[in-house]
Amino acid sequence: MRCPYCGCIDDKVLESRTMANGESIRRRRECISCGYRFTSYERLEEKPFMVVKRDGRRQPFEREKLEKGIGRALEKRPVSMSQVENLVNEIEDQAIMSGRANREISTAELGELVLEKLNSTDKVAYIRFASVYRHFENLDEFINEVKRLGGLNE
């Protein structure tokens, strides 16, 4: 580590201490050349979890976007905030587990995870989310999805 005082790269570690619940290490160092003491921190550098869009672009996973989409689908539905939080946590955990090998998940796979959870939570929210996610082109597609859920009989 380069000394911030004289620029020499020879130093010795005087003390190491684990910080932030094991997330980082704080090291007290002393420059061998000039005797200046300084502190350095080490943190694990993690590759971000990515979402692969339909057009092939990759973006970092944003929990806030997931919360917003699910929140819109569940708006004015009899579902508590704690249930929404649990739903988002479960979906995020499943997404990370399914994309663990290459640290990415497609929007299609993520959307299906959301639909699966909404289907078991609230059918109206499921239809709301599906209508946006699946880009229904006409009323027939919408009605077929509702029939598939068992909501309408002919």
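Start by selecting strand E4, residues 50–52, together with E6: the two pair in the parallel sense over 3 bridges. (Strands here are DSSP runs of E with at least two residues, helices are runs of H or I with at least four, and both are numbered from the N terminus; two strands pair if DSSP finds at least two bridges between them.) Click on Val 51 and look across to E6, where its bridge partner is Ile 105.

A quick note before moving on: this is a predicted model, where local features need pLDDT of at least 70 and side-chain atom pairs count only at 80 or more, while totals for chains, interfaces and linings use all residues. Residues are numbered from 1 along each chain as its sequence is written, and side-chain values use heavy atoms, with hydrogens and water left out.

You have an open sheet of 3 strands, ordered E5-E4-E6, with mixed pairing. E5 (58–60) and E6 (104–106) are the edge strands with a single partner each, so one side of each has no neighbour in the sheet.

Next, select helix H1 (residues 63–73) and helix H2 (residues 81–98), whose axes come within 10 Å and cross at roughly 130°. (Axes are lines fitted to C-alpha atoms, for helices over the stretch in contact, and angles run from 0 to 180 degrees between N-to-C directions.) H1 and H2 are therefore oblique to each other, the label for angles that are not under 35 degrees (roughly parallel), over 145 (roughly antiparallel) or 65 to 115 (roughly perpendicular).

Finally, show side chains: Arg 63, Leu 66, Glu 67 and Ile 70 in H1 meet residues of H2 including Val 84, Leu 87 and Ile 91, with contact meaning heavy atoms within 4.5 Å.
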